[in-house]
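Good morning, and thank you for coming.

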Amino acid sequence: MSIYILPLLFIFIFVYAHFKKVNCYDTFIRGAKKSIPLVVDIFPYITAIMIAVTLLRSSGITALLAQFFAPVFNLLSIPTELVELVLLRPFTGSGSYALLNDVLLTYGADSYISRCACVILGSSETIFYVTTIYMSQTNVKKLLYAIPVALICSTVGSVLACLLCKIM
Amino acid sequence: MIVASICFLLWSAPGSVLSQMLDASTASVKLAFELCAVYAVWLGILELVEASGMSEKLAKILHPAIKKIFNIKDPATEKLIAMNISANMLGLGNASTPLAIKALQKMDTGSPVASTPMIMLIVINATSIQLLPTTVIALRQTAGSTSPADIILPTLITTIVTTILAIFLVKLCAKFIKRGKKI
């Protein structure tokens, strides 16, 4: 069923846009053009994070950290392989995507671990980053319970993601 | 972080530091090019979604729900929130951020403590319902998945559950704080 979602959605979008008298070709080109500046923007971050992650890995620090946190994550039925990803996610977007890519290549794109990683990433946000950006233009200094609630929800999300990947 | 790991490596394998950094950087160039190709397709499609007014339609559909959840009086702010959330649902991250900032500026009363609707907006953004996790699908595709889109459904379910939980928790916390003030 899922393999039909995207093609059908694309057809729907094109037909709808055509019906609304939007010039499909020009609009598509305009959007596609944006991909180059976007990649140029995120490229330095990806590089920095990938270097950091590679060094952390080979130095053995992450293995220690993962070992330290593994019991907690096992309790929540999140695979040990994804500890790094779950811990890094709230802080950096491009960083966690670089990590996801690493997971995908290491375990294979269609493995259980990779699917879990994808759902976890797809269903979460860079909580700390987003909050900082959003609040940067206001006078608010105290966020009360906003961050804890967001973190609780995203942890529940990770657990649920792993469960759903097991049955779907 | 980098310094700490280099120090650690100095002790374990000092010869490998530079070669590993270059390996990582080479991998990142490769990833950036692959991403560029996939982003071109997705951004093209998303531009169509925006130009055809589909995201505004979605915002209209969400409007009544937002009225109930946020409970604010200003219609202009409501509209901004609706557009922010719908942009988020479609994975239009770049479009949703400025909308949220504008909405928060409108809600800003000058007080240093965040109001409940402000917190609600942040938390809902953090758990946002995802109809199209575009970047994740893109990465899976480049990694050679046979059906990269089969994560859409579990992602959708997960985000719906977490968003409902988020709304519930924020309402609960807000109630507790109110009660605390009365006493």
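Which residues of the largest nonpolar core touch the most other members? This is a predicted model, in which local features need pLDDT of at least 70 and side-chain atom pairs count only at pLDDT 80 or more, while totals for chains, interfaces and linings use all residues. Residues are numbered from 1 along each chain as its sequence is written, and chains are lettered from A and ligands numbered from 1 in the order in which they are written.

A nonpolar core is a set of buried Ala, Val, Leu, Ile, Met, Phe, Trp, Tyr and Cys residues joined through C-beta atoms within 7 Å. Buried means that 20 or more other C-beta atoms lie within 10 Å of a residue's own, with C-beta atoms placed from the backbone. The largest core has 94 residues, and those touching the most other members are A:L100, A:A117, A:I120, B:L121, B:I122 and B:V123. Its largest share, eleven residues, comes from helix 2 (residues 17-51) of chain B. Because domain 1 (1-33) and domain 2 (39-167) of chain A both give residues to this core, it lies between them; the domain bounds come from an automatic or database domain assignment.

Let us turn to chain A. Chain A has nine helices and zero strands, where helices (H or I, at least four residues) and strands (E, at least two) are DSSP runs, numbered from the N terminus. Of its 168 residues, 40% count as buried.

Finally, the interface. In chain A, 77 residues are in contact (C-beta atoms, placed from the backbone, within 7 Å) with 79 residues of chain B. Helix 3 of chain A gives the largest share of the side that touches chain B, 15 residues.

Key. A residue is buried if 20 or more other C-beta atoms lie within 10 Å of its own, exposed if 12 or fewer, and partly exposed in between; C-beta atoms are placed from the backbone. Two residues are in contact if their C-beta atoms, placed from the backbone, lie within 7 Å.
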